[in-house]
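Here is a short briefing on one protein chain. Look at the sequence and the fold, then read the points below.

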Amino acid sequence: MTPAPGPTPPTPTLPEELLLLALDPVRGKPLCRNRFLEYAMAGAALAELELQGRVAGQGGRFQLVNPLEPPDPVLAGVLRSLPAPGKGGGGSGASAKRWVRHAGRRVEGLYLDALVERGVLRRETRRFLGLLPYHRHPVVAKDLAALARTRFDAAERAGFPDPRSRSLAALVSASGLSRAIGTGRGSRSAMRHLVHDHWPAHAVLRNIRQDRANQSGGGG
């Protein structure tokens with residue numbers, strides 16, 4: 001008698017999917033600058049909340065439209081941290097760029113902690129010059145990382161046909177991950193265009209451009 005199949009694992013949220021794509025599975029190091037990944041993780045959380053109908057954004061600003069907490073506890077924690085309606089510093093909502101900039105490190109940390117706790121990642125603590133501690137997160141559940149890549153590759157071949165895949169592609173492009181994960185030249189061009197159509201990814205890109213300008217002495 002053939003055993004009944006096990007329960008289907010839940011579809012990962014956009015931040016989880018992005019993190020599995022962004023980490024070198026063996027070394028546990030981000031495939032882009034870590035600060036850029038922090039921005040992208042905050043953007044991915046906003047994009048997931050938008051897909052679930054809990055926030056809405058336009059013109060670089062966003063607002064909470066449904067305070068009902070999602071089932072995912074990490075995403076629910078992110079939702080609770082968002083500015084309440086009318087508290088974002090403007091009548092049309094909060095600045096997506098500002099929120100991504102200030103929330104990025106915390107959001108990334110929440111998802112890293114959650115995936116370590118679930119056994120998807122392993123945390124390794126190392127020391128820079130033998131003094132300053134830092135972490136690496138090699139992938140333990142390599143099947144999940146491979147599945148994330150398979151899903152992304154399939155969406156790329158299909159031209160990113162649905163809102164979720166387009167959001168993920170925009171975030172991958174904005175954070176500078178597209179070349180690192182081996183997308184084709186034509187896809188990279190299409191993904192760059194998607195960034196400007198997706199306000200969370202555009203907020204990520206604006207922060208990255210600000211950092212680069214600051215480093216080159218071209219911005220304050």
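This is a predicted model: local features need pLDDT of at least 70, side-chain atom pairs count only at pLDDT 80 or more; totals for chains, interfaces and linings use all residues.

Residues are numbered from 1 along each chain as its sequence is written, and side-chain values use heavy atoms, with hydrogens and water left out. The protein chain holds eight helices and five strands; these are DSSP runs, with helices (H or I) of at least four residues and strands (E) of at least two, numbered from the N terminus.

**Overall fold**

- Along the sequence, the pattern reads α-α-β-β-α-β-α-β-β-α-α-α-α.
- Along the principal axes, the C-alpha atoms fill a box of roughly 60 × 50 × 35 Å.
- Of the contacts with a separation of 6 or more, 61% are between residues 24 or more positions apart. Contact means heavy atoms within 4.5 Å.

**Surface and charge**

- Of the 220 residues, 46% count as buried. Buried means under 20% relative accessible area, exposed over 50%, and partly exposed in between (1.4 Å probe, protein chains only).
- The accessible surface comes to about 11,600 Å², and carbon and sulfur atoms account for 54% of that. Areas come from the Shrake-Rupley method with a 1.4 Å probe; for residues, only the protein chains shown count as cover.
- The chain has 32 positive and 18 negative charges, and their mean positions are 8 Å apart. Lys and Arg count as positive, Asp and Glu as negative; His and the chain ends are not counted. Each charge is placed at NZ of Lys, CZ of Arg, CG of Asp or CD of Glu.

**The sheet**

- Three strands form an open sheet in the order E1-E2-E3, with antiparallel pairing. Strands E1 (55-58) and E3 (94-95) are at the edges; each has a single partner strand, so one side of each lacks a neighbour in the sheet.
- Two strands pair if DSSP finds at least two bridges between them. Strand E2 (residues 61-64) is joined to E3 by two bridges, and the two run antiparallel. Phe62 has Ala94 in E3 as its bridge partner.

**Helices H3 and H4**

- In helix H3 (residues 73-81), the buried residues include Val74, Leu75, Ala76, Gly77, Val78 and Leu79. Their cover includes helix H2 (34-51), E2 and H4.
- Ala96 belongs to helix H4 and is buried, with a relative accessible area of 0%. Beyond four places in sequence, Ala96 touches Gly60, Arg61, Phe62, Trp199 and Ala203. Its C-alpha atom is 10 Å from that of Leu82, 14 residues apart along the chain.
- Ala103 also lies in helix H4 (residues 96-117). Ala103 is buried at 4% relative accessible area.

- His198 sits in the loop between helix H7 (185-195) and helix H8 (199-215).
- His198 is buried, with a relative accessible area of 15%.
- Leaving out neighbours within four places in sequence, the contacts of His198 are Arg166, Ser167 and Ala170.
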